[in-house]
Amino acid sequence: MGGFLLRKVGAALIVLFLASVLVFVGARALPGDPALALGAEDRDPAVMEAIRHKYHLDEPMPLQYVRWLGLALQGDLGTDQRELSVAHTIVTRIPITLELSAFAVLIGMVIGIGSGVLAAVRRGKPADYASTTFALVGLSIPHFWLGIMMIIVFAVNLQWLPAGGYVSFQDDPVENIRHLLMPAIVLGTGLSAVLMRQMRSSMLTSLDADYVRTARAKGLSEWSVIGKHALRNSLITVTTVIGLQLGALISGAVITEQIFGIAGFGRLTIDAINQRDYTLLQGVVLVTAVGYVFVNLAVDLIYSYLNPRIRISGRAA
Amino acid sequence: MSYVDTAAATELSPRARRRRLLRKRFLRRPLAVLGLLVALAFVTMAIFAPALAPYDPTELDVTAILEGPTREHLLGTDELGRDILSRIVYGARASILAGVLATLLAMAIAVPIGVTAGYFRGWLDPIVARVTDVVLAFPFLILAVGLAAILGPSLLNATIALGVGAAPGLIRVARGEALSLREEDYVRAAIANGAGDTSIIGRHVLPNMTNTLIVQATVTIPAAIIGEAVLSFLGLGVQPPTPSWGVMLSAAQPYVNDAPRLALVPGLAIFFCSLSFNLLGDGLRDVLDPRTTR
């Protein structure tokens, strides 16, 4: 286990290093001169020069990178165009997106696992067709459009839920949930569709397995065969799927927050691109990559704990 | 003469027999056939847009702004009096083009890299694996949004961004396939017979992964179609007034109260287009890749 752990952590660190280079170079490849953006109206060469010097834009790229990485490792991601601390902005925005994502994952898991198990147990019956159709629709529907449609139906016409915005849980728990319900459903739909398919196919495999036949032969109730034996083994794959879907979830959060006017981390990404705010964009994308790598590392470790075969043979093909 | 015919009918080459079997299995899946037909309809719509659209999609008509469906305008008009049906028909061009070209680009990047890494292994393989990990650490949309922002907003750049964004996932698939095909007995036999790497890759590895690649392509196309809509929606893809479903959705947002139709129609177009490719992909997976039959 020790060697495996070391290998995985080492690989994650290499990925993180390369990702940080990519983020740094990528942000510099964006069109537009940051000095021009910072100088606003002022195009005086002396002022430009001063700005470039102040932000170290006149130094060679590798030096800029080392300086940036050194500060980033200390939690300093620089200041954005409005002279606000990037790290601070990100830290204030992340909880909103985390709450939205957690809510979405919860919805995705409940619907996805539930309908997947139902479909496998009732294979070839109407419940199976209903679940499979739902998954297909969930995969094909553009989520941002689903969001707009839900706003039209539930906010504009029925006026059951607010069309957008965010209220923190501390301020008003009920409003918090009312504001997040639609965005979370929109964000969770794709995940639930993917999970449903995965659950269905791995449940079908489990239900065919010898240990399930043995459990039935022992005279265990159907409920206990499905719940205790087949489901438990199928749930292992769910960990991997959620890890792999994390990227989709972050992408989804960007567009969902845009539609519902939620000032979260995803919205920050789009704002940073639109405002050509290099420092902000670098910070946002770096944090995204770090989060992604860490979650996947965690998933790998959990998975190897749940499925010891992986530890020896490396990741399953 | 009749002798030759009978011989041709009964003694089909193994390849032709297999093709016939696959066709038969595909035709037995009504949803897959439906998906194929609808997908073809969208492709036809994109190719023959000028002949099919009743109006010029960018023609303004100030006398008919935000009109409901009428005999002249079957799906009504938008906020500038443009015919929605014509814009949907022309919008198919951006979607199909982006979907197909981005997928081809992703394949063109992924297959050579993945196959080389998986087949030769050695020092190249871990490098490729790490680099794909790095690129995969950036969510697809963030990557595409970033690339579109770097390259500048246009349909071509959005397509490039989507293709590059989809490549890492496909590299993994191609690498995995090459890795496992390399261990097959017939490949070992070919190596023992003194066949060169190029001929083994060309004659054994690539043909045997075609099925997997076709299935991957049909699932990448709908993802790219939705991706194009998202990028255009965010202003990073097709630029107005050129019609695209994403642009139409973005323009419809201020009118969701008064004319929800403006948002409904392009969204349905994206949905049915991506649904058709997904149905086709599912059908092809069942037919071509029986290992994963659900």
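This is a predicted model: local features need pLDDT of at least 70, side-chain atom pairs count only at pLDDT 80 or more; totals for chains, interfaces and linings use all residues.
Residues are numbered from 1 along each chain as its sequence is written, while chains are lettered from A and ligands numbered from 1 in the order in which they are written.

**Chain B**
- Chain B has twelve helices and zero strands (DSSP runs, H or I of at least four residues for helices and E of at least two for strands, numbered from the N terminus).
- Of its 294 residues, 46% count as buried (20 or more other C-beta atoms within 10 Å of the residue's own, C-beta atoms being placed from the backbone).
- Its C-alpha atoms fill a box of roughly 75 × 60 × 30 Å along the principal axes.

**Contacts**
- Not counting residues up to four places away in sequence, B:Val145 touches A:Ile273, B:Leu231, B:Leu234 and B:Leu236 (contact: C-beta atoms, placed from the backbone, within 7 Å).
- The contact between the chains takes 38 residues from chain A and 37 residues from chain B.
- Among the elements giving two or more residues to the chain A side are helix H8 (173–208) and helix H10 (222–260).

**Helix H4 of chain A**
- Helix H4 (residues 61–73) of chain A has 13 residues and spans 18 Å from first C-alpha to last, close to the 18 Å expected at 1.5 Å a residue (1.5 Å times one less than the number of residues).
- A:Gly75, with a positive phi near 85°, follows H4(A).

How values were computed: Two residues are in contact if their C-beta atoms, placed from the backbone, lie within 7 Å. A residue is buried if 20 or more other C-beta atoms lie within 10 Å of its own, exposed if 12 or fewer, and partly exposed in between; C-beta atoms are placed from the backbone.
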